[in-house]
Amino acid sequence: MLEKTFYKQLLKSSFNIPIKVNYWDQTTEIYGDGQPQITITFNEAIPMKDIMNNASLALGEAYMDKKIEIEGSIEDLILAAYDNKESFFYNKKLKKIMPHRKHTETDNEEYVQEHYDLGNNFYKLWLDDTMTYSCAYFEHPDDDLQTAQLNKVNHIIKKLNPQPEKTLLDIGCGWGTLMLTAAQKYHLKVTGVTLSEEQYNFVTQKIKDLNLSDTAEVILTDYRELVGRQWDYVVSVGMFEHVGKENLPEYFSDVAQFLKENGVALIHGITRQGEGATNAWIDKWIFPGGYVPGVVENIQSILDAGLQLSDMEMLRRHYQKTTEIWDSNFNQHRQEITQMMGERFVRMWDLYLQACAASFASGNIDVIQYLLTKGPSGQKLPMTRDYIYQDK
C-alpha cells in the first residue's frame, strides 16, 4: 500500500499533461485533466529505494528492461516532465546517486571508445551521409538532415573568416566532415584529433580517397598530447561535454595554447543556461564521464585562459530538430539495429534520442557556439557579422 501511494504521489505531480497509468496490480489511474494521449504501463513495481536513490536512473533502466512500457510519444512525456517544476527531474531528494568520474587521458580514451566505437555500420544507419554526429543547422525549414549538417560545417568555418593556406586544428574531429571540408573548399591545412579508433580509421581512408594527404592529417591521441604545436584556427564540436567539470579550465587553456597570436577559435557544444549538470542514466549507459557545463562557467574558463569572446550563438531549436530526425531514422532501421545490438540496446537508444529532443525543447539544455580570439575580440574578423552569411 505504501509503495502504491508513493507511485501515485510521484506520477500525479510529475507531468503537465494528462496521462494514463496502468499499474502492476491491474488498476488504472488518470492524472491530469482531459483525454490522455500517453499511457504508462508498469509491468512490475520498481523498488521505492531505487527511485529514491535516483529516479532518472531507476526509471530509465526499468524502461530498458521492459518493466515499464510507454504508449505514445516518449519525447512528449519527458517534455511534460521538464515543463513541470514539480516533477522528479527537479526533486533533489530523488537524485542522491550522482556520477563522479575521473578524466585522465586513459579514462577519456575508454569513455570515448565506449560510445563512438559501437561501429561505423551502426552510426551509418541513422546519421546522414556526412556521418556528422552533432547539431545540424537548418537554414531553411525544409532542409534535409544532410543539407543541414553541411550548413553547420560551413557556418562554423565561415565564422573563422578563414584565409587560404592557413592552418586549422579540429579537436574531436568525428568522422572528419568539417576538417575535410575546410581542406577541400576553404584550402586550409588541417589536423584532426580523435580518441576513437573507428573514427580514426574512417578519416584516414577518406584522406586517401580524396587525395588530401598533403593538406590533411588525423591523429589518434588525446588532444592534450599536442604540446608545442600551434594553428591559425581551432574548432571543436561536441567536445567539451566530455572533459568533465574539473577539466574545463584546462580545456580552454589548451585551446588558447594551440592558437597562434590573434588566432580564432569556434567552440560548439551543449551548454546549460543554468548551472552545469550530469545525469546518472546518461552517464551510466550513454556518455560515461559526460558533464554539461553552464554558460557562466564556460565563459569564466574562456576568460581565465586569456581568450576573448567575439560572438555567441544559441542553436537549441536546431538540436531539437536534429535529434528528432535522428530518432526517426533510428526507428526506420529498428529491426536491423535490434539484430545487430539487441532489443535492450534499441530501447535504450530510442529513449536517449527522444530524451535529448525533449531536453532541448524544454530549454533544459542548449547548444552554443562560442567564437573566440587570442587577442582583442574580433581582432582579425570583419566589423559586422555579414561575412558569415556571404557565399564562399
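Let's start with Phe 42, which sits opposite Ile 68 in strand S4. Keep in mind that what you're looking at is a predicted model. Phe 42 belongs to S3, residues 38-42, and S3 pairs with S4 in the antiparallel sense, over four bridges.

So which sheet are we in? This one is open, with four strands in the order S2-S1-S3-S4, and the pairing is mixed. The edges are taken by S2, residues 28-31, and S4, residues 68-71. Each of those edge strands has a single partner strand, so one side of each is left without a neighbour in the sheet. Going from one strand to the next, the twist averages 20°. And there's a helix packed on this sheet: H4, residues 74-82, which touches S1 (19-22), S3 and S4. The direction of H4 makes about 90° with that of S3.

Now the other sheet. This open sheet has seven strands, in the order S7-S6-S5-S8-S9-S11-S10, and again the pairing is mixed. What stands at the edges here? That's S7, 216-220, and S10, 308-314. Each has a single partner strand, so one side of each has no neighbour in the sheet. The twist here averages 15° from one strand to the next.

Let's look at the S10 end. S10 pairs with S11, residues 366-373, in the antiparallel sense over six bridges. Lying across S9 (259-271), S10 and S11 is helix H12, residues 295-304, running at about 15° to S11.

Over at the S7 end, helix H9, residues 197-209, lies across S6 (189-194) and S7. H9 runs at about 160° to S7.

Then there's S5, residues 167-171. How many of the five residues of S5 are buried? Five of the five, so S5 is largely enclosed by the rest of the structure. Both faces are covered: Thr 167, Leu 169 and Ile 171 are buried on one side, and Leu 168 and Asp 170 are buried on the other. S5 pairs with S6 in the parallel sense, over five bridges.

Okay, on to the aromatics. The structure holds 32 aromatic pairs, and I'll show you a couple. Take Phe 122 and Trp 349: the ring centres are 5.2 Å apart and the planes are at 85°, so this pair is edge-to-face. Where do those two residues come from? Phe 122 is in helix H6, residues 120-126, and Trp 349 is in helix H15, residues 343-362, so the pair ties together parts that are 227 residues apart in sequence. Both Phe 122 and Trp 349 are buried.

Trp 349 also forms an aromatic pair with Tyr 123. That one is edge-to-face too, at 6.2 Å centre to centre with 75° between the planes. Tyr 123 is in H6 and Trp 349 in H15, so here the pair ties together parts 226 residues apart in sequence. Tyr 123 is buried as well.

One more residue before we zoom out: Thr 323, in helix H13, residues 316-332. Is Thr 323 buried or exposed? Its relative accessibility is 3%, so it counts as buried. What is Thr 323 in contact with, leaving aside its neighbours within four places in sequence? Those contacts are Leu 353, Cys 356, Ala 357 and Phe 360.

Last bit, the whole protein. In total there are 15 helices and 11 strands. The C-alpha trace spans about 70 × 40 × 40 Å along its principal axes. With 392 residues, you'd expect a compact globule to have a radius of gyration near 21 Å, and the protein has 22 Å, which agrees. Of those 392 residues, 55% count as buried. The accessible surface comes to about 17700 Å², and 47% of that belongs to carbon and sulfur atoms. And if you take the contacts between residues at least 6 apart in sequence, 71% of them join residues at least 24 apart.

Conventions: Residues numbered from 1 in each chain as written. Predicted model: local features only at pLDDT ≥ 70, side-chain atom pairs only at ≥ 80, totals over all residues. Heavy atoms only, no water. Pairing = 2+ DSSP bridges. Helix = DSSP H or I, 4+ residues; strand = E, 2+ residues; numbered from the N terminus. Axes fitted to C-alpha atoms, helices over the stretch in contact; angles between N-to-C directions. Contact = heavy atoms within 4.5 Å. Rg over C-alpha atoms; globule rule 2.2 N^0.38 Å. Buried < 20%, exposed > 50% of the residue type's maximum accessible area, 1.4 Å probe, protein only. Areas by Shrake-Rupley, 256 points an atom, 1.4 Å probe, with all protein chains shown as cover. Phe/Tyr/Trp six-rings, centres within 6.5 Å; stacked < 30°, edge-to-face > 60°.
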